[in-house]
Every structure is written in C-alpha cells, then in structure tokens.
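Reader: Please show me the model, and then let us go through it by question and answer.

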Amino acid sequence: MDNLIRVAVADDHPVIRMGIEATLDSISSVHRIGSVSDSTQLVALLDAHPCEILVTDYAMPGGQYGDGLELISFLRNRYQDMNIIVLTGLGKMVLIRSLMAFGIHAILSKTDDISHLSGAIQAAQAGRRYFSPSIANIMKSQSLGSSSMQLSPREAEVIALYIGGASINGIAEKLQRSKQTISTQKVNAMRKLGIDSDADLFKYAIELDLHKKEKRQ
C-alpha cells in the first residue's frame, strides 16, 4: 500500500465519476482514497486522507469552496504537494491557458478515451505535463506550448478572488496582506496571462464563467 499512488476523485456527474473510479481501480499502481461530488466533500476528504493526485472536474457547482479557478487556487494553496489533473468537457483555449497558468499538471478532455487517465497519472506523479489528444490539438492549433508562464499560488489566489468580484481592499483583508502586495500580485498575474487592462480581465472572467455555464446546461 505504501508504494501505491493515492488518488482522489471529484466530479458531480455520477456516471462520469463511476467511469473514472473503474479506470483508477484497474491501475495496479493506484489506490483510490475516495470519490466526492462537490468542493465541500472534497476538502473534507483531502483533510482526512492526504493524497498525491486529485482528478477533478473543472465545473462542479454547489460546494462551500466554489469550483473552477477559484477552487483550483484554493487547493493549490492548501495542498501544495498534491498534483491536480483536470477533466473537462470544454475545449476552449481560454480555459486551457488559464489551467496551465494556475499550475495544472494535466488536462484531459471528456471527449477523449478515459484510458488517457493512466498516462496522466504517471506523468503527474513524475512532475511532467500531460494533455489528452483533443487538448493537445487545440494547443497546437493556437500555437500554445506547455511552457506558458505559470502563476504562483498567491498570484492565482488573488486573480481568482478578483475576477470573482472581490475588491483589492477586500482581498487584502481576507488574505491578511497589504493592499500594495495584492496589487503587485494582481499585476504580475495579468502580465503572465497576457491581459493588459482590467476591462480585458473582466472579459476574460466572463468568458470563463460562460464556459462553466455551458457545461452545466
């Protein structure tokens, strides 16, 4: 058991979750520690049973800790040694770029065969990136390489809160940092994302939110 890769699963669709579970249970090097359907259950699971890898859906509403980039930012700060693999049904360039910037180790499209999960787990455990064929094709068509600038956990935390509607003052109070520090981290995050103005940042936020809504419909 000590040599097995501990993996947690989070997806709000029961059928998809069962498919992920079946795939993980067929991999001899993996021990599945549990499966959940929202962020509240996920944090409770990870606090009780630390793991090396989390396989999670991108849009998973209903939990205390949100979903999308907000949840990913939270998880990266709380469980810094855990690798994250994102499964998504959304093949949008803005989403792929954002996930990479937020430090995701692997991105799998739900339109690709679930067998790619095995390769993604091995890659994430070894500290390598992994993209399923549909995601890789989108990246190639947009000339997006895997070396895009990655946000630090604190930059990701600030930008996720900001596009979620929080003010600089509110973020500073919530995170107990100075307003100057928050402003600097916001500017650095925008630069890495290739965003030049607050207006463009909010367009970016709207597009990400629309992608989540598309998935939920």
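Author: In helix α6 (residues 133-141), the buried residues are I135, I138 and M139. Buried means under 20% relative accessible area, exposed over 50%, and partly exposed in between, with a 1.4 Å probe and protein chains only. Helices (H or I, at least four residues) and strands (E, at least two) are DSSP runs, numbered from the N terminus.

Reader: What are the numbering and the ground rules?

Author: Residues are numbered from 1 along each chain as its sequence is written. The model is predicted, so local features need pLDDT of at least 70, side-chain atom pairs count only at pLDDT 80 or more, and totals for chains, interfaces and linings use all residues, while side-chain values use heavy atoms, with hydrogens and water left out.

Reader: Within what arc do the buried residues of α6 fall, seen down its axis?

Author: The buried residues of α6 are I135, I138 and M139. On the other side of the helix, N137, K140 and S141 are exposed. The buried ones line one face of α6, because the directions from the helix axis to their C-beta atoms fall within an arc of 100°.

Reader: What covers the buried residues of α6?

Author: Contact here means heavy atoms within 4.5 Å. The cover includes α4 (93-101), β5 (106-109) and β6 (130-131).

Reader: How far apart in sequence are the parts that E52 and R6 tie together?

Author: E52 and R6 form a salt bridge, with the closest N and O atoms 2.4 Å apart; the term stands for a side-chain nitrogen of Lys or Arg within 4 Å of a carboxyl oxygen of Asp or Glu. E52 lies in the loop between α2 (39-48) and β3 (53-57) and R6 in strand β1, so the parts tied together are apart in sequence by 46 residues.

Reader: Which helices does the salt bridge of D47 and R78 tie together?

Author: The side chains of D47 and R78 meet at 2.8 Å, N to O. D47 is partly exposed at 42% relative accessibility, and R78 is partly exposed with a relative accessible area of 41%.

Reader: Are E157 and R177 buried or exposed?

Author: E157 forms a salt bridge with R177, the closest N and O atoms being 2.5 Å apart. E157 lies in helix α7 (residues 153-163) and R177 in the loop between α8 and α9 (179-193). Both E157 and R177 are buried.
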